[in-house]
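This report walks through several parts of one protein model, for a reader who is meeting it here. Please keep the sequence and the structure in view while reading.

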Amino acid sequence: MTTPKYLTGDAAAINEFIDRFDVFLLDCDGVIWSGEHVFEGVVETLEHLRYRGKKIVFVTNNSTKSRQEYLKKFTGLGIPSDVEEIFGSAYSASVYISRILKLAPPKNKVFVIGEAGIEHELRSENVPFIGGTDPAFRRDVTPEDFKGLADGSLLDPEVGCVLVGLDFHINYLKLSHALQYLRRGAIFLATNVDSTFPMSHGFFPGAGSMSMPLVYSTGQKPVALGKPSQAMMDAVEGKFQFDRERTCMVGDRLDTDIKFGIEGKLGGTLAVLTGVSQKEHWEAADAVAVPAFYVDKLSDIGLVARKQ
């Protein structure tokens, strides 16, 4: 097993590392920020990479925000960015549905478990949907619901796909609708299957926790459109037209970010220790992935800027 190279504090090694790549794919949660807290030195590090002519793409599995909403968050946190630099799993899923699946009437609607970010991106691709943030689905289940779902009278006959993302209002009614659609042949998609979601220096149930009850109930696994899915890598490459050998994936999770870069045959992967995965995770015999490089925090690769 290859031992990752530790870069923190080594200006020469960091310079050599940055020179190897033209494009940096950056995760957000656990790398750029945790919740509403921006990690120290991130803004300066991004400025330094851009100053050296590097292309930055923010590749996130968080489906709760659309690209425009992400741009508002970046701006509000004082991080210069552009909507065209942002590639989220909600956008990836919407592009997949509209341009790959090309669902045709009468089964062209999507039943959504998720937040407004998914809805915004589906609208941007002209994909019809139900569920999501609709208040009609944010309530307790009733005896009438059980009857109507079982006989199909409460189901929309135009639904041909179930898309599951992180949903802060997940409930039995939404899962019951999704299960009935899947049992009737709907395609099963997930924005991502992350087990946890980093927030406010802690960890909470991720999007994978939303889809898992349906996996258990149906025996089906969803097609995931977020990291480490190579469907997402192909979509990102298709949009930005980069050389994979000159591209580095930067992230905090071995099972999504680092695996995404390795399976995508990128030129390098960089793990940061400000999020989910820690050194002992890739040193384990059963490690899901091992990064090529690692630093304590993203701003460590901005060390060369401070040294100059």
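## Aromatic rings

Rings of Phe, Tyr and Trp (its six-membered ring) are paired if their centres lie within 6.5 Å, with planes under 30 degrees apart counted as stacked, over 60 as edge-to-face and the rest as tilted, and by this rule the count comes to 15 aromatic pairs. Phe-21 and Phe-24 are both buried, where buried means under 20% relative accessible area, exposed over 50% and partly exposed in between, for a 1.4 Å probe and protein chains only. Together with Phe-17 and Phe-293, Phe-21 and Phe-24 form one aromatic cluster.

The model is predicted, so that local features need pLDDT of at least 70 and side-chain atom pairs count only at pLDDT 80 or more, while totals for chains, interfaces and linings use all residues. Residues are numbered from 1 along each chain as its sequence is written, and side-chain values use heavy atoms, with hydrogens and water left out.

## The annotated binding site

In an unreviewed UniProt entry, the annotation "binding site" covers Asp-27, Asp-29 and Asp-252; such positions are given in the numbering used here, feature names are shortened, and annotations may be inferred rather than shown by experiment. Although these residues are spread over 226 residues of sequence, they cluster in space, with a largest C-alpha distance of 8.3 Å. Asp-27, Asp-29 and Asp-252 also belong to the lining of the largest cavity, a cavity being a set of points on a 1 Å grid over the protein atoms alone where a 1.4 Å probe fits but cannot get out, and lining residues having an atom within 4 Å of a point.

Asp-27 lies in the loop between strand 2 (23-26) and strand 3 (33-34), helices (H or I, at least four residues) and strands (E, at least two) being DSSP runs numbered from the N terminus. Its relative accessible area is 6%, so Asp-27 is buried. The side chains of Asp-27 and Lys-227 are joined by a polar contact of 2.9 Å, that is, a pair of N or O atoms within 3.5 Å of which, within protein, one must be able to donate a hydrogen and the other to accept it, residues adjacent in sequence counting only if both atoms are side-chain atoms. Asp-252 is found in the loop between strand 14 (247-251) and helix 10 (254-263), and it is buried because its relative accessible area is 2%. The side chain of Asp-252 reaches the backbone nitrogen of Val-276 at 2.9 Å.

## Helix 7 and its surroundings

Helix 7 (residues 172-183) has twelve residues and reaches 16 Å from its first C-alpha to its last. Ten of the twelve residues are buried, so helix 7 is largely enclosed by the rest of the structure. Among the partners against which its buried residues pack are helix 6, strand 9 (159-164) and helix 8 (207-218). At the start of helix 7, a side-chain oxygen of Asn-171 comes to within 3.2 Å of the backbone nitrogen of Leu-173, and just after the helix Gly-185 takes a positive phi of about 100°.

Asp-145 lies in helix 6 (residues 143-151) and, at 5% relative accessibility, counts as buried. Leaving out residues up to four places away in sequence, Asp-145 touches Arg-139, Asp-140, Leu-154 and Leu-173, contact meaning heavy atoms within 4.5 Å.

Key: Expected span 1.5 Å × (residues − 1). 1 Å grid on protein atoms, 1.4 Å probe; cavity = no way out; pocket = protein on both sides within 12 Å on 5 of 7 lines; lining within 4 Å.
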